[in-house]
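User: Please take me through the assignments made for this structure, setting each value against its definition.

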Amino acid sequence: MAWFKRKEKGIQTPTEDKKDVPKGLWYKSPTGKIIDTEELARNLWVSPEDDFHVRIGSAEYFEILFDNNEFKELDAKMTSKDPLNFVDTKKYSERLKDVMEKTKLKDAVRTGVGKSKGKDLVVCCMDFAFIGGSMGAVVGEKIARGIDYSIKNNVPFVMISKSGGARMMEAAYSLMQLAKTSAKLAQLAEAKIPYISLCTDPTTGGTTASYAMLGDINISEPGALIGFAGPRVVRDTTGKDLPEGFQTAEFVLEHGFLDFIAHRKELKDKINLYLDLILNQDIR
């Protein structure tokens, strides 16, 4: 049955008065909820219909965390090389060139230094859009340099993880970053500088096996996928059916691998609250 019936025939609308819906105006969440993208952006990319946290990148997280979105980016021009001359469906060097043009990013992590609620903060944030946020030599080096900056300037360090794990095109070079970043975080701990790790959707593989789970406080956004191997690999390895909600942030929190789950709207306040408590300073 039709929702309405047109009574007048032959209605025509001039071309200039037609209201075409621009492409990309609406966003559909995995639960099927539809929302205007402008409203979604105003809501920090969280669907107000079902509270689903849409994946966002470093630009959006920097805007959320830094006062007035003012920050200085460290090592902004550092790019990956192809030391192994790796080729799969295409050359790694060509893949890097293509993804840099598409995303306007230099690699899968950016480091920003700025004020958050009036105090200095170093934030390393991964971008999933760049080869699945995979961890290559540049990612490890930029994180290491971000930690060095924190130690040199006595500034708290925040790591925002969003990654599919190690970058296979760099093989052992990629795997070495697990030890490299973990060693740097040990130096940060020795300097008694706080480290907050934020796990976002997804945080998997070598990222989870290293810096993502080494924070003084490990937090996550609601519903984020957090784990090491994928569910199929875990099932095939253990030979057991997985619990419901396995590898969600809520499941990981319940089993002691996270300290808190923070809604994106509360992220800036929560991170700075934890830093104030760790540093035993007045709550901002």
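Analyst: Two strands pair if DSSP finds at least two bridges between them, and strands (E, at least two residues) are DSSP runs numbered from the N terminus, as are helices (H or I, at least four). This is a predicted model, in which local features need pLDDT of at least 70, side-chain atom pairs count only at pLDDT 80 or more, and totals for chains, interfaces and linings use all residues. Residues are numbered from 1 along each chain as its sequence is written, and side-chain values use heavy atoms, with hydrogens and water left out.

User: In what order do the 7 strands of the open sheet lie?

Analyst: The order is β3-β4-β5-β6-β7-β8-β9, with mixed pairing. The edge strands, β3 (71-74) and β9 (260-261), each pair on one side only.

User: What makes β4 and β5 a pair, and how do they run?

Analyst: Strand β4 (residues 109-116) and strand β5 (residues 119-126) are joined by 8 bridges; the definition asks for at least two, so they pair. They run antiparallel. Val113 stands opposite Val122 in β5.

User: How many disulfides does the structure hold?

Analyst: The structure holds 0 disulfides, a disulfide being a pair of cysteine sulfur atoms within 2.5 Å. For Cys125, the nearest cysteine sulfur is that of Cys124, 8.9 Å away, so Cys125 is in no disulfide. For Cys199, the nearest is that of Cys125, at 12 Å, and Cys199 is likewise in no disulfide.

User: Why is Cys125 called buried?

Analyst: Buried means under 20% relative accessible area, exposed over 50%, and partly exposed in between (1.4 Å probe, protein chains only). Cys125 has 0%, and therefore counts as buried. Cys199 is also at 0% and counts as buried.

User: What lines the second largest pocket, and what makes the lining partly charged?

Analyst: A pocket is an open set of points on a 1 Å grid over the protein atoms alone, where a 1.4 Å probe fits, with protein on both sides within 12 Å along at least five of seven lines; lining residues have an atom within 4 Å of a point. The second largest pocket has a volume of about 170 Å³, volume being the space filled by probe spheres set on the points. Its lining includes Arg55, Glu60, Asp127 and Lys162. Asp, Glu, Lys and Arg count as charged, so the lining divides into 5 nonpolar, 2 polar and 4 charged residues. Helix α2 (residues 58-65) gives the most to this lining, with 3 residues.
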